[in-house]
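Notebook open, viewer loaded. I want to jot down a couple of side chains and then the chain as a whole.

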Amino acid sequence: MTTLSNRTLVVYAQVGNKRSKLVCQALAEGARRMGAQVRVEASHAYTTPDADIAAFYGLAGNLRDARAAYSVDGHHAVFADLGYWGRSKNAAVSYHRIAVDAAHPRSFRRDRPPDRLARLSLTVRSAKPAGGHILLCGQSSKAAWAAGMAGIEFESWERQAVAELRQSTSRPILYRPKPSAIAPYPRAIDGTVLVDAAKPIDYHLDDAWCVVSHHSNAGLDALAYGIPIFAADGPALALGSSDLSQIEHPRRYSADERDQLFADLAYCQGTLPEMAFGEMWAQLVDDGALQ
């Protein structure tokens with residue numbers, strides 16, 4: 001039987017954050033069911049790794065440092081955040097993604113059945129005819145900080161991406177800021193057309209040649225729409241490329257490849273009950289992510 005016996009686990013919950021509290025409670029309960037020795041602490045109590053595994057929701061405060069420290073020397077950091085699909089403001093019914101030693105899942109099976117994906121009623125399309133414009137999807141300052149860009153000016157990655165793109169293409173670049181990027185407010189980037197982020201992303205995917213993002217869920221939206229993706233990180237990169245010099249020669253994927261990736265990623269997210277019953281922990285152990 002898959003267990004966490006003889007493993008120690010510390011769960012760091014953010015004080016005053018209801019979603020963090022609920023997710024961390026569920027992770028702690030599930031790990032106890034799996035046989036781990038578990039303690040729960042406030043996230044600000046973290047100093048140095050003192051357990052086999054640390055688990056937490058989000059990267060506020062010093063949790064980004066905790067994830068980095070626990071991801072080396074035989075320790076592991078189990079990071080939870082909003083799911084790729086099935087998100088809800090109500091944490092009790094929302095899906096949350098789980099990754100080990102990274103912001104996005106890396107050590108996971110690539111042959112999952114489509115049953116979990118089917119629960120999400122996700123609409124996917126066949127590959128679209130090649131469009132004309134490039135859709136550049138921005139990130140918030142918080143997301144940039146979480147990705148290790150602390151101290152870098154807001155939108156610097158986006159401006160650098162535009163500079164690289166302009167060396168290889170003359171296509172129009174539509175810049176769609178992240179809808180939640182409110183401070184500082186996104187502004188037009190030279191060489192792009194600023195579009196309304198309040199509109200659904202599908203509106204801007206029509207007639208798109210490809211999507212360019214750092215690690216955004218917009219990459220998954222593009223794959224669901226049948227459009228190529230360029231990204232520096234994130235789950236969509238599995239079927240895309242990080243080389244912007246190849247913007248005129250994007251990777252083309254089959255519907256079967258896309259559907260399999262989506263089925264696999266659906267197993268990388270779960271609900272609070274699934275976490276509390278130990279299902280997510282059992283999967284991480286079975287996948288070899290906590291060796």
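This is a predicted model: local features need pLDDT of at least 70, side-chain atom pairs count only at pLDDT 80 or more; totals for chains, interfaces and linings use all residues.

**Gln 283**

I started with Gln 283, whose side chain reaches the backbone oxygen of Tyr 267 at 2.3 Å. I count a polar contact as a pair of N or O atoms within 3.5 Å; within protein, one must be able to donate a hydrogen and the other to accept it, and residues adjacent in sequence count only if both atoms are side-chain atoms. Residues are numbered from 1 along each chain as its sequence is written, and side-chain values use heavy atoms, with hydrogens and water left out.

Where does Gln 283 lie? I found it in helix H10, residues 279-286 (helices are DSSP runs of H or I, at least four residues, and strands are runs of E, at least two, numbered from the N terminus). Gln 283 counts as buried because its relative accessibility is 12% (buried is under 20% relative accessible area, exposed over 50%, partly exposed in between, with a 1.4 Å probe and protein chains only). Leaving out neighbours within four places in sequence, I see Gln 283 in contact with Arg 112, Tyr 267 and Cys 268 (contact is heavy atoms within 4.5 Å).

**Ser 88**

Next I looked up Ser 88, in the loop between strand S4 (76-82) and strand S5 (96-100). Not counting residues up to four places away in sequence, Ser 88 touches Arg 19, Val 93 and Ser 94. I also checked Val 124, 36 residues from Ser 88 along the chain: their C-alpha atoms are separated by 20 Å.

**Whole chain**

I get 10 helices and 11 strands for the protein chain. Its radius of gyration is 20 Å, close to the 19 Å from the globule rule for 291 residues, so the chain is as compact as a globular protein of that length (the radius is taken over C-alpha atoms, and the rule is 2.2 Å times the number of residues to the power 0.38). Along the principal axes, the C-alpha atoms fill a box of roughly 60 × 40 × 35 Å. Buried residues make up 52% of the 291. Of the contacts between residues at least 6 apart in sequence, 65% join residues at least 24 apart.
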